[in-house]
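Let's take a walk through a protein model together. Have the structure open and follow along as we go.

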Amino acid sequence: MSEEESNEMIERAKEFFRKEIASSHIRNTQKLKKLKEFHLNPFLDKYKARFLTGNDDPVSIAKALVYPRVLGTSINTTFGNKLQKFCSEVLGSFASTTAGIDIEFIDKVDGRRKYCQVKAGPNTINKDDVETIKNHFAGVKRLARTNNLHIGFTDLVVGVLYGTPDQLSGHYQKINQEYPVIVGQEFWYRITGIENFYQRLTDAIGEVATEFDSSKLIEEIIEQLAKEIEETLNADS
C-alpha cells in the first residue's frame, strides 16, 4: 500500500469516527443530565462516590454515575454495533463478494489472498459466534472446491481490529486452533504492509476527540444531575 493510499484510509477512519462515533457519543452523553437515565442506589452509589472522590455529596455521586457511562459501555457498544459500517467505509477497497466474508486482501507477509471475517476487539465474540464463523469458512471451502480454487486453511482468517494476541478470549483461541486469528498491529500490517500503521491509525482516531472536547458538557451535566440527586435524597430523608 502506498503512502497516499494509507493516508486516505486513515482519513476515512477519522471521518467515520467523527460521523458515527463522536456524534453519537455526544448525543448519549447529553441524555445523562436527567436522573431517570440511571437507577439510583443510595447505598452503592454513595459508596462509589466515596471511592472515587472521598465524599458522598451530590456532585460526587453524579460523577460516579456519569463517568462510567460516558467512558465505558456506551461508546464500546456503539462501536461494536457499527462494525459493518466501519468495514464498508474504511476497508471498502477490500470488500468481499463472498458470502460470510467481510474483506479480502493480499497478505503482505505471505503474498496469499486472505478471506477475512472482521471483528472489533479481543473479547467481542461469544460461544455461538465460534460455530457461526467456522460454518462461514466451511461454506467458503465448499465454494472454492466447486470453482476449482485453492484456498488453504491459513487463507481463511479472523481479523481483530484492536488488541494483542495475549488478550484474545477463549472463544477466539478455539477458532485459532483451525483458522488463524490475526489481531491488532499484525492485522493492520498484513493488510497495508506498513509496520507502524496500527499506531498511526489509533493516534489519528484519538485526534478526533480533540475536535469534540466535551469537558464543559460533562461538567454541566454533572452539575445538573447533582441538583436532581440532592432533591431526591432530601425527599427520601
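Predicted model: local features only at pLDDT ≥ 70, side-chain atom pairs only at ≥ 80, totals over all residues.

Residues are numbered from 1 along each chain as its sequence is written, and side-chain values use heavy atoms, with hydrogens and water left out.

In soluble globular proteins, nonpolar side chains tend to be buried together. A nonpolar core is a set of buried Ala, Val, Leu, Ile, Met, Phe, Trp, Tyr and Cys residues joined through side-chain atoms within 4.5 Å; buried means under 20% relative accessible area, exposed over 50%, and partly exposed in between (1.4 Å probe, protein chains only). The largest such core here has 31 residues, and Phe17, Phe79, Phe86, Ile103, Leu161, Phe187 and Trp188 touch the most other members. Elements giving two or more residues to this core include helix H1 (3-30), helix H5 (83-90) and strand E1 (103-106). (Helices are DSSP runs of H or I with at least four residues, strands are runs of E with at least two, and both are numbered from the N terminus.) Another core, of 18 residues, lies apart from it, with Val130 and Ile151 among its members.

Take a look at Phe79. Leaving aside neighbours within four places in sequence, Phe79 is in contact (heavy atoms within 4.5 Å) with Phe16, Phe17, Ile21, Phe86, Ala120, Leu161 and Tyr162.

Now for H1 and H5. Which residues bring them together? On the H1 side they are Met9, Arg12, Ala13, Phe16, Phe17, Lys19 and Glu20, and on the H5 side Lys85, Phe86, Glu89 and Val90.

Next, is Ser60 buried or exposed? Ser60 sits in helix H3 (residues 58-71) and counts as buried because its relative accessible area is 4%. Skipping neighbours within four places in sequence, Ser60 is in contact with Ala49, Thr53 and Asn55.

Finally, find Asn123 in the loop between E2 and helix H6 (127-146). Asn123 counts as exposed because its relative accessibility is 57%. Even so, Asn123 touches Gln167, Ser169 and Tyr172, not counting residues up to four places away in sequence. The C-alpha atoms of Asn123 and Gly170 are separated by 8.7 Å, with the two residues 47 apart along the chain.
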